[in-house]
Amino acid sequence: MIQKALPLLNKLVVYVVGLFVLAFGISLSIRANLGVTPMSSIPRALELLATGKLSLGVVTMIVYALMLAGQAIVLGKRFKLISLLQLPATFVFGLFVDLTNLMLSPIPPIDAYVLRLVFLALSITFVATGIFLYTSAKLMPLPGEGLVFAFVERFSLKFHTCKVVFDCSLTTIALIIGIVFMQSMGSVREGTVISALLIGLTVKLISTPFKTPLERFLGFDNATIANETEAISEAELLSQPGETFPETEA
């Protein structure tokens, strides 16, 4: 009984730790002030628009809840009730975003551009590590990725095409919000592009030495590990356009 429960406990721990590390990476990108990742661009733009009335974590929860509703609309009868577990995952993630922002709040505004780039590099590293960890647990995607999966399943699209269009759409909407309502680029800057280009590569660098031992820790059998070693990992697909998305395991 305990032996059967242990792999699930390990997966939950890795999943939650992954969400925290991902949130920490997003908070680092805010300190860098060079733009956030495409997935966080709309929540960050709306937070800036709210001018302190809503925290980034709360706005993220709202936007992600709308993305979950979008999954239900896109999939219709194909939508599975188990996908509603994305809501508690969103709540935890939103709390982590606010917590990590609070942890980093003592850091004063950074003026030196080189130092901003250092914080951006740290952000990319943490975001990639968080993606690697939480997707490796194979429990439940966050609603942003879930909505991409929904379009892929509903319209039989190639994953890389859908992911590129989705990320570009999010970034464009965030940019419009900034220009129209704040007369600035808001949450979208050069760091947004750099993050989009480098996060996937960083995930690959991390997963190469750590994927197999992590999957053993998570309780996946040797056959599963062998098969997945030959394929592109879900984390790499989530963070970088590449190949057709495989059948989701979440």
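Predicted model: local features only at pLDDT ≥ 70, side-chain atom pairs only at ≥ 80, totals over all residues.
Let me start with a pair of helices, α3 and α4, which are roughly antiparallel to each other, a term that is used for angles over 145 degrees. Residues are numbered from 1 along each chain as its sequence is written, and side-chain values use heavy atoms, with hydrogens and water left out.

Helix α3 covers residues 56-75 and helix α4 covers residues 86-104, and their axes come within 8 Å and cross at roughly 160°. The axes here are lines fitted to C-alpha atoms, for helices over the stretch in contact, with angles running from 0 to 180 degrees between N-to-C directions. On the α3 side the contact (heavy atoms within 4.5 Å) includes Leu56, Met61, Tyr64 and Leu68, and on the α4 side it includes Phe91, Leu95, Val97 and Asp98. The residues of this contact divide into 11 nonpolar, seven polar and one charged.

Leu56, which belongs to helix α3, counts as buried because its relative accessibility is 4%, where buried means under 20% relative accessible area, with a 1.4 Å probe and protein chains only. Apart from residues up to four places away in sequence, Leu56 touches Ile26, Ile30, Pro43, Arg44, Glu47, Val97, Asp98 and Asn101. Between Leu56 and Ala45, which are 11 residues apart in sequence, the C-alpha to C-alpha distance is 9.2 Å.

Now let me step back to the whole chain. The protein has 10 helices and zero strands, with helices taken as DSSP runs (H or I) of at least four residues and strands as runs (E) of at least two, numbered from the N terminus. Of the 250 residues in the protein, 49% are buried. Among contacts between residues at least 6 apart in sequence, 78% join residues at least 24 apart.

The second pair of helices is α6 and α7. The axes of helix α6, residues 143-155, and of α7 come within 10 Å and cross at roughly 130°. The contact is made by Gly144, Leu147, Val148, Phe149, Phe151 and Val152 of α6 together with Phe159, Cys162, Lys163 and Phe166 of α7.

How does the length of α7 compare with what its 24 residues should span? Helix α7, residues 159-182, should span 34 Å at 1.5 Å a residue, and its end C-alpha atoms are 33 Å apart, which agrees. Among the buried residues of α7 are Phe159, Lys163, Phe166, Asp167 and Gly178. Just after α7, Gln183 takes a positive phi of about 55°.

My last stop is Gly191, which is found in helix α8, residues 190-217. Is Gly191 buried or exposed? At 0% relative accessibility, Gly191 counts as buried. Leaving aside neighbours within four places in sequence, Gly191 is in contact with Leu34, Gly35 and Leu120. Although Gly191 and Leu34 are 157 residues apart along the chain, their C-alpha atoms are separated by 4.8 Å.

Notes:
Parallel < 35°, antiparallel > 145°, perpendicular 65-115°, else oblique. Nonpolar A, V, L, I, M, F, W, Y, C, P; charged D, E, K, R; others polar. Expected span 1.5 Å × (residues − 1). Buried < 20%, exposed > 50% of the residue type's maximum accessible area, 1.4 Å probe, protein only.
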